[in-house]
Amino acid sequence: MSFAVNPPPAVRSFPFSRSPIARTPRVSLVVRSGAGVSIATAAALPILTKLQNDCATPLPVLRHVADAMATDMRDGLAVDGGSDLKMILSYVDYLPTGNERGLFYALDLGGTNFRVLRTQLGGKDDRVIATEFEQVSIPQDLMFGTSEELFDFIASALAKFVKKEGGKFVLPNGRSRETGFTFSFPVKQTSIDSGILIKWTKGFAVSGTPGKDVVACLNEAMKRQGLDMRVSALVNDTVATLAGARYWDNDVMVAVILGTGTNACYVESVDAIPKLNGQKTTSGRTIVNTEWGAFSNGLPLTEFDREMDAESINPGEQLFEKTISGMYLGEIVRRILVRMAESGSLFGKRVPERLRTPFTLGTPNISSIQQDTSEDLEAVGTILYEATGVDSNLDARKMVVEVCDTIAKRGGRLAGAGIVGILQKMEEDSKGIVFGKRTVVAMDGGLYEHHPQYRRYLKDAVTELLGPELSSNVVIEHSKDGSGIGAALLAATNSIYEH
Ligand code: BGC
């Protein structure tokens, strides 16, 4: 994929509506002799067979991924740079309790959309009194522009939002507004309210930010806007999701994002973090942001993954993310379809130019394709035509459904193995902490929310790995938009004012 030439949308909005879980039709590819297109399908068949072999995730592969995830977590906790996993300390040592009160803002930057939110918290009895949010999409050119341009855009949208404050939202006299800043990229936290951007992911290539404190960048931009607002917590989206989910449920121990990008965080004991060099927190715990998107050990990769990676703006990086997350699944499928079209004339003699264009097939398209259970796969044909310009007959559509299912299945199952790796590591350190009681994994992100087959593959893998008894204690739960409110809650927990 060539981002420079053809920048992909970094965040897809997964616009299709939620549909009931439909089993992907197990299509049988019938090859009729004599018919031209069927011969084309037959020519694509060896590509499919090889793909399915290369993407296979039988139990031993899942087991290997879960074990390697646990080992990489330990190595990353031992020393910075100890493994693919950065195991970033979040400085979030306390999670919301429900006692938080007051007006708090949240700013959420994780892709091409960014959100501003305000919430009025009323303590244990009244909880969330009111919430308002706005979503602003970031123009594509800002994703490739300068740091100042990006942060000015964000600060100006925030300033406009603040001007509309009123009604149930009350700021006590003499106080500055406080916000949580959810910044969903790898950041080396230096305190709860500061952190250095390590690198951009998800197709962002803004110059001048890596190596800088992103809170300082935001503060400078807010100053230019004349906005008096204090960032009291800088958090990753996984950490915000964990906080948001924990506000309602004390058993939440892990949070996972499966959207454009992917990542996971969890509650860790400070004694299990050698790189803290004996530093303690008063709670004895802290949230660790694994940055698991960079995991790479033993992944079942194909030539299509390797080509996509080689042409990406970050070759060799974020391999787990490139295998399981929403930004990439559609693109992997597109590359496979191009190969099938070229070597087997799957879609007729000519390969439409649009099919050759990186990122024309989005992961939401893959999910929609998998929801079509009709005999003639008409919706599949429409999606293919609208997204990529290809004309397809029934045999070709069946082939496409198989390809989509193969890639979604690999992604979902590997994500499930990653979750088991984290739970396993926590359980090994402290017997019974996870499997001996109800443990909740809070999930968010468009891919998880809108792709029922992916979700089912993920859960199946967790059950296969843990067995029915242990997995019955593990609740994998969607925490919708927990990250916005979570960041505001963490702003409250870390407020400079009494609360
Ligand atoms: C980023 C993470 C983020 C994840 C989900 C990844 O690309 O590196 O920091 O949590 O996407 O948004």
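The structure is a predicted model, in which local features need pLDDT of at least 70 and side-chain atom pairs count only at pLDDT 80 or more, while totals for chains, interfaces and linings use all residues. Residues are numbered from 1 along each chain as its sequence is written, and side-chain values use heavy atoms, with hydrogens and water left out. The chain contains 16 helices and 13 strands, where helices (H or I, at least four residues) and strands (E, at least two) are DSSP runs numbered from the N terminus.

**Overall form**

- The radius of gyration, taken over C-alpha atoms, is 23 Å, close to the 23 Å that the globule rule gives for 499 residues, so the chain is as compact as a globular protein of that length. The globule rule is 2.2 Å times the number of residues to the power 0.38.
- Along the principal axes, the C-alpha atoms fill a box of roughly 80 × 50 × 40 Å.
- Of the 499 residues, 60% count as buried, meaning under 20% relative accessible area with a 1.4 Å probe, protein chains only.
- Among contacts (heavy atoms within 4.5 Å) between residues at least 6 apart in sequence, 74% join residues at least 24 apart.
- The chain exposes about 18900 Å², of which carbon and sulfur atoms supply 51%; accessible areas come from the Shrake-Rupley method with a 1.4 Å probe.

**The sheet**

- Five strands form an open sheet with mixed pairing, in the order β4-β3-β2-β5-β8; two strands pair if DSSP finds at least two bridges between them.
- Strands β4 (128–137) and β8 (229–235) stand at the edges with a single partner strand each, so one side of each is left without a neighbour in the sheet.
- From one strand to the next, the twist averages 20 degrees.
- Strand β3 (residues 113–122) runs antiparallel to β4 and is joined to it by nine bridges; phenylalanine 114 stands opposite valine 136 in β4.

**Helices on the sheet**

- Helix α5 (residues 147–163) lies across β2 (101–109), β3, β4, β5 (177–183) and β8, at about 40 degrees to β3.
- Helix α16 (residues 482–493) also packs on the sheet, touching β2, β3, β4, β5 and β8, and its direction makes about 130 degrees with that of β2.
- Axes are lines fitted to C-alpha atoms, for helices over the stretch in contact, and angles run from 0 to 180 degrees between N-to-C directions.

**Confidence**

- The average pLDDT, the predictor's confidence in each residue from 0 to 100, is 91, and 92% of the residues score at least 70.
- Over residues 1–27, pLDDT stays under 50, and the model has 82 contacts beyond four places in sequence for them.
- Over residues 30–37, pLDDT also stays under 50, with eight such contacts beyond four places in sequence.
- Where pLDDT is low, the predicted coordinates should not be read in detail.

Conventions:
Buried < 20%, exposed > 50% of the residue type's maximum accessible area, 1.4 Å probe, protein only.
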